Amino acid sequence: MTYLIEQQNMKELRVELTRFMLAYKFALDEIGTKVRILREEFRLIHEYNPIEHVNTRIKTPESIMKKMQKKNIPATLDDIRENMRDIAGIRITCSFVSDIYIINEMIQAQSDVEVIEVKDYIKHPKPNGYQSLHVILKIPVFMSDREEHVYVEMQIRTIAMDFWASLEHKIYYKYNKQVPERLTNELREAAFTAAELDHKMERLNKEINILKEIEHDDQDNLSLEDTGSTKTMIQMMKRIALDKLK
């Protein structure tokens, strides 16, 4: 009898563990679908698509166990679920910093998404230079016998930020988390360089967009008499637009 009870308990535990991990997979499917819809809409309707790349991941059981020990989280599914909010993660890579906040607003505006926490490491970089926007969301998951609201960590960053973070991660583990001070200083400087590159590319993009708008207006004005005063006015408008970018 004791053996049968133990077998039943093990079966129930396996079912609960399977449900536990599946909930995170389904939550990533849900948020992934939302991002794909936005990406497809931008591609087909708008002239510019701010989403460059999308990656998702779920922590392995081994990684969950390590974090439990590190954070002293009790070994219950409820405690893990509530205290470990990055088991499921989605990373969205954008071209420009302004795109990050546009995508973030669009995701947060969806009625079935609950925003739990926002950490803006772009406006307030970490001491090592790391930059990214981190948002903890709760995503509804509808299963056969229940509705669960699952934590998902969304990270949004530029290509330059993502490149820096990937390099920093590789160096960090290559030196077994004991990175020489010289390298940490150079990494921090590289983070500032990447941020400066982002700002410069953003400015150039704005300049190009303004010039495109002016050229479009020029086309609309082709029907007007091409007098010297008209040309002078158009050139003046261009200079004013470019001065605003400085």
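Let me start with helix 5: nine residues, the largest share of the lining of the largest pocket, come from this helix. Helices here are DSSP runs of H or I with at least four residues, strands are runs of E with at least two, and both are numbered from the N terminus.

A word on the source. This is a predicted model, where local features need pLDDT of at least 70, side-chain atom pairs count only at pLDDT 80 or more, and totals for chains, interfaces and linings use all residues. Residues are numbered from 1 along each chain as its sequence is written, and side-chain values use heavy atoms, with hydrogens and water left out.

Now the chain. It has seven helices and five strands. In order, they read α-β-α-α-β-α-β-β-β-α-α-α. There are 246 residues, and 34% count as buried, meaning under 20% relative accessible area with a 1.4 Å probe and protein chains only.

Back to the largest pocket. Its space is about 1,700 Å³. A pocket is an open set of points on a 1 Å grid over the protein atoms alone, with protein on both sides within 12 Å along at least five of seven lines; lining residues have an atom within 4 Å of a point. Volume is the space filled by probe spheres set on the points, which are joined across faces, edges and corners. Lining residues number 41, and Lys59, Lys67, Asp86, Lys126 and Gln155 are the closest to the centre. Asp, Glu, Lys and Arg count as charged; Ala, Val, Leu, Ile, Met, Phe, Trp, Tyr, Cys and Pro as nonpolar; the others, Gly among them, as polar.

Next, the second largest pocket. Its volume is about 360 Å³. It has 14 lining residues, with Glu47, Tyr48, Asn205, Asn209 and Lys212 nearest the centre. Helix 4 (97-108) and helix 6 each give two or more. Helix 6 has the largest share, eight residues. By class, that lining holds three nonpolar, five polar and six charged residues.

The whole structure has one of 30 Å³ or more. The largest cavity has a volume of about 50 Å³. Its lining is Gly129, Gln131, Met161, Trp164, Ala191, Ala194, Ala195 and Asp198. Helix 6 gives the most here too, with four residues. Five lining residues are nonpolar, two polar and one charged.

How values were computed. 1 Å grid on protein atoms, 1.4 Å probe; cavity = no way out; pocket = protein on both sides within 12 Å on 5 of 7 lines; lining within 4 Å. Buried < 20%, exposed > 50% of the residue type's maximum accessible area, 1.4 Å probe, protein only.
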